[in-house]
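The following exercises are to be worked with the sequence and the three-dimensional model at hand. Each task is followed by a solution in steps.

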Amino acid sequence: MQQLAKRPQLTGRAAILAIVVCAIAMSLAYPVREYISLRRSLSELRAEKARVEAERQALLVRDRQSNDPNWIKKTAKERLHYCGPGEKCYVVMEPQQGKAQAAVKQQAQVPPWYETLWESVEAADKGTGRRAVTGKESVGQ
């Protein structure tokens, strides 16, 4: 049997072809990565544009509403408890709310005169007190 000469598996042409293919792949890798990144940025910007446009439309609707006199009256009644001329309006207080206001009123009571006097003496000792303004001094200023 005659043996055929074994050809090398990687010829010179194949090596050059492999180098050229690798060079082309390397030269295209960066632009393809940038293209994908820009496409992602573009989709994010489109989503943000849609969100801003929806917010703009909501503000336009709110602006049109604010020009409507009936909406203004309704809002004034709801938020500010406005009562129009000739109308009788009532505010219903909840029992817990009344108790909280009564507690606040009890705390706001003026302390006895001797406690106030003693606190002013202590403040004068510490040097943290303020000069009291009498009626004669406030008129002259």
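**Exercise 1.** Determine which cysteines the disulfide joins, and state its handedness.

*Solution.* Step 1: a disulfide is taken as a pair of cysteine sulfur atoms within 2.5 Å. Cys-83 and Cys-89 are joined in this way, with an S to S distance of 2.4 Å. The structure holds one disulfide.

Step 2: the model is a predicted one, in which local features need pLDDT of at least 70 and side-chain atom pairs count only at pLDDT 80 or more, while totals for chains, interfaces and linings use all residues. Residues are numbered from 1 along each chain as its sequence is written, and side-chain values use heavy atoms, with hydrogens and water left out.

Step 3: the torsion about the S-S bond of Cys-83 and Cys-89 is about 90°, so the disulfide is right-handed.

Step 4: accessibility is classed as buried (under 20% relative accessible area), exposed (over 50%) or partly exposed (in between), with a 1.4 Å probe and protein chains only. Cys-83 has a relative accessible area of 31% and is therefore partly exposed; Cys-89, at 43%, is partly exposed.

**Exercise 2.** Describe the surroundings of Ser-66.

*Solution.* Step 1: Ser-66 is found in helix H1, where helices (H or I, at least four residues) and strands (E, at least two) are DSSP runs numbered from the N terminus.

Step 2: the relative accessible area of Ser-66 is 29%, so this residue is partly exposed.

Step 3: with residues up to four places away in sequence set aside, Ser-66 touches Trp-71 and Ile-72 (heavy atoms within 4.5 Å).

Step 4: the side chain of Ser-66 also reaches the backbone oxygen of Asp-63, at 2.7 Å.

**Exercise 3.** Identify the residues that make the nonpolar surface patch of about 670 Å².

*Solution.* Step 1: patch residues have over 30% relative accessible area and no salt bridge; like charges are joined within 9 Å, and nonpolar side chains (Val, Leu, Ile, Met, Phe, Trp, Tyr) within 5 Å. A salt bridge is a side-chain nitrogen of Lys or Arg within 4 Å of a carboxyl oxygen of Asp or Glu.

Step 2: the patch is made by Ile-16, Val-20, Ile-24, Leu-28, Val-32, Tyr-35 and Ile-36.

Step 3: Ile-16 lies in helix H1, residues 12–66. With a relative accessible area of 56%, Ile-16 is exposed.

**Exercise 4.** Summarise the chain as a whole: how many helices and strands are there?

*Solution.* Step 1: the chain has five helices and zero strands.

Step 2: of its 141 residues, 3% count as buried.

Notes: Accessible areas come from the Shrake-Rupley method with a 1.4 Å probe; for residues, only the protein chains shown count as cover. A polar contact is a pair of N or O atoms within 3.5 Å; within protein, one must be able to donate a hydrogen and the other to accept it, and residues adjacent in sequence count only if both atoms are side-chain atoms.
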